[in-house]
Structure formats: C-alpha cells, structure tokens
Amino acid sequence: MTLAVRYTTARTLDTAPALSAPPGPGEVELAPAYVGICGTDLHIYHGDMDGRVHAPAVLGHEMSGRVVSVGPGVEGWRPGDAVTVMPLRWDDTCPACLRGHQHVCRHLDFIGIDSPGAMQQRWTVPAATLIRLPESLALDRAALVEPTAVAVHDVGRAAVRAGEKVVVVGGGPVGILIALVARAAGAEVRVVEPSAHRRLLAEELGLPAWHPADDGVPELVRQWTGDAGADVAFEVSGAAAGVDTAVDVLGVRGRLCLVAIHPRPREVDLHRFFWRELTLVGARLYDRSDFEKAVDLVADGTIPAERLISRVVPLTQAPAAFEALEGGGDVMKILVDCTDDGQGAAV
C-alpha cells in the first residue's frame, strides 16, 4: 500500500492510502522522491481552483524521483533511472498545438492540477513527460528543475540579453529563479521584495534587493540606469502595486514580462506604454527545451538549489507544510519527502 497527499475541500488536506495501478502502454510508474509545494498548490489548498480541481485530488508537479517499472511499448527507460516530469499533456489538434505551442494547448491537462499529481509514493505518468536527470544531481535539488524551467521560459519570452538592466518585482522562489537565470544570461539584475528574509537571501546570492518603499523604486532604478530606465521588468508579485512598479521602472522600449497570475483585472498606465513604446508579454509554463536547460542550470550549480530549500518534511506532514507556507516571507521552498512516511520508512 502507498500513501498520497490529497486535497479534499478548501483548506483541508489528508494523507490516505492510494492505489497504484501498473503502467499501461506508453506509461511509466515512478517512485517520487521529493515534491515541491508551489504557489499554485496553495491556490488549490485555499479552494480558489475548485472549478478545475476535482476532489479528492493528489497535488504536486515539482518533483524528482526514479523509474519503478515501464509499460508496454516504452523504450529508453528502465527501473532506477533518475527523472523529473514535465507535467503537461496536450491534444495536438487545437490551433495552439498545430502552431507548435503545445504548452498553451486549448485543452491542456496540467498534471497535478487537472489530473493526479506527484505527492504520492507511486505515480504513473506518460513516458513522453519524462526528463532525464544526471545521476550526479541530488534528487532534493532536482525537485527545483520544474520551477527553474518556468524561469528559463520567462527569461526567454522577455528576450533578455547580456548587458541589459532587469528588475524582478517579487522575490519569492520563482522571482529569485528568474533573477538567477537572467543573470546567467548576462543581465544586471535588481529584485524588489517586501520580505526582509527574502531580500537577505537575494543579497546573499549576489542579487541586490530593494524594499518596494525604499526611496521609491523608480527613483532607485533611474539612478542605477543613469536615467535610462530598465530594459526588462518581470512582474512576479501578483499584486496591483507590483504591476505599477514594473511599468514605472521601464525605460524607452522596455519589455514587461507578466509572470504572476492576476485573477482579477488590474489598472495599467497605458499612457506610459504609448509614451515609451513599451511591450507587454505573457509567460506561461514551458516547453521541453526549457526543461532541459533547467536541468543543466541546476546540475552545474548556476541555480544554487540547496539555498532555496527552506525545509524538507515527510509525506505525512505535508498538510502542516501548506500552513507554514501561508506565512510567506520567512519560507522559500518546502519539499515533501515522499520516501518518508514520518515513521522513518516508506510504506
């Protein structure tokens, strides 16, 4: 018998026995090792996605683990292989897919939201979703490949170039990852974040960070850029004030990359877009090349994954970990150890 963490209703999770069916044709059974809890998981936990998530629902899509068994017709994978999962299934028939943008498929199945996720001791997924991990990469660090792939996609969408000035508004896990990936692309980066804990971490990682109220961030950017303004801003905060800041810091022909989910309409200074010929781009999810690059960035230490992991908890303590993350500022990334049932051994 295996265990799974399930969302049952708003603000309620349980840990319950789960059935593990053998993999069918084209499928692979995995033993998840570590699963990260992200902002989307918190939205589910709060009940904000009940129109999409069908309870009881197994959560989790930021994962690392190993292959346990393979189904008929699966080639190139064998038990013991270290993997992560790109948790997307698309229909290959909608207009987005036909244009090569499968990650924004009109009928996308985001595994871990629309279908059962990784926060369980056995997980069966399509073999096509697997991404190989180097054996030299520790599996706890590899659990950060998925959010790093998000950051790689975001930096690519914003077309960040070497020497550009970049402002990241929001210094949570994804914001810090975007800042690190942008720096690896050769940009100069500043992070805007109200949490003292997260600003300190950013500074320790070599990313200068400002409080949103520090002397007025637009003025600080003006001084930093010699009155030119930033080339790129990433809005990762999800707050109305964050949108204002991201727009205000941009110079002529600056690019604003919208990363955070804004569930309600926001007021935007469109006159500034007109006056400075600004560009707004959306960034959603990733593709396989983003994932493969993310594996390399985590494996070679460009992404110091160990510095972003605040805590690792056993599977049975996952519900309490969700409560801890609600506090936000003093925690970055919590991982759930799916090999540990809280009693020192896997079930």
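Author: A quick definition before we start: a residue counts as buried under 20% relative accessible area, as exposed over 50%, and as partly exposed in between. Keep in mind that the model is predicted.

Reader: You brought up H8, so what covers its buried residues?
Author: Helix H8 runs over residues 240-248, and its buried residues are Gly242, Val243, Thr245, Ala246 and Val247. Both helices and strands take part in the cover. It includes strand E11, helix H7, strand E14, strand E15 and helix H9.

Reader: And H7 itself: why are its buried residues on the same side?
Author: The residues in question are Val217, Leu220, Val221 and Trp224. Seen around the axis of H7, they share one side because the arc they cover is only 100°.

Reader: What lies over that side of H7, then?
Author: After H7 comes glycine 226, with a positive phi near 65°, but the cover is made by other parts of the chain. Over the buried residues of H7, it includes E11, strand E12, strand E13, E14 and H8.

Reader: Moving on to helix H12, how wide an arc do its buried residues cover?
Author: H12 spans residues 318-325, and Ala318, Ala321, Phe322 and Leu325 are its buried residues. They pack against strands E1, E2, E17 and E18, and against helix H1. They sit on the same side of H12 because the arc they cover is only 105°.

Reader: Which kind of peptide bond joins alanine 55 and proline 56, cis or trans?
Author: Most peptide bonds are trans. Proline 56 sits in the loop between H1 and strand E4. With omega at about -5°, the bond from alanine 55 to proline 56 is cis.

Reader: Is leucine 285 buried or exposed?
Author: Leucine 285 is in the loop between E16 and H10, with phi near 65°, a positive value in a residue other than glycine. Its relative accessibility is 15%, and the cut-off is under 20%. So leucine 285 counts as buried.

Reader: What is the relative accessible area of glutamate 277?
Author: Glutamate 277 lies in the loop between H9 and strand E16, and its phi is positive too, near 50°. The residue is partly exposed, with a relative accessible area of 44%.

Reader: At what angle do H4 and H10 pack?
Author: Two packed helices are described by the angle between their axes and the distance between the axes. The axes of H4 and H10 are 8 Å apart, and the crossing is right-handed. The residues in contact include Val145, Ala149 and Val152 of H4 and Phe291, Ala294 and Leu297 of H10, and the whole contact divides into 8 nonpolar, 2 polar and 3 charged residues. The angle is about 115°.

Reader: Zooming out, what is the radius of gyration of the protein?
Author: The protein has 12 helices and 18 strands, and its C-alpha atoms fill a box of roughly 60 × 45 × 40 Å. Buried residues make up 54% of the 347 residues. For that length the globule rule gives 20 Å, so the protein is as compact as a globular protein of 347 residues, with a radius of gyration of 20 Å.

Conventions: Residues numbered from 1 in each chain as written. Predicted model: local features only at pLDDT ≥ 70, side-chain atom pairs only at ≥ 80, totals over all residues. Heavy atoms only, no water. Axes fitted to C-alpha atoms, helices over the stretch in contact; angles between N-to-C directions. Helix = DSSP H or I, 4+ residues; strand = E, 2+ residues; numbered from the N terminus. Left-handed = near helix turned anticlockwise from the far one by under 90°. Contact = heavy atoms within 4.5 Å. Nonpolar A, V, L, I, M, F, W, Y, C, P; charged D, E, K, R; others polar. Buried < 20%, exposed > 50% of the residue type's maximum accessible area, 1.4 Å probe, protein only. Arc of directions from axis to C-beta. Rg over C-alpha atoms; globule rule 2.2 N^0.38 Å.
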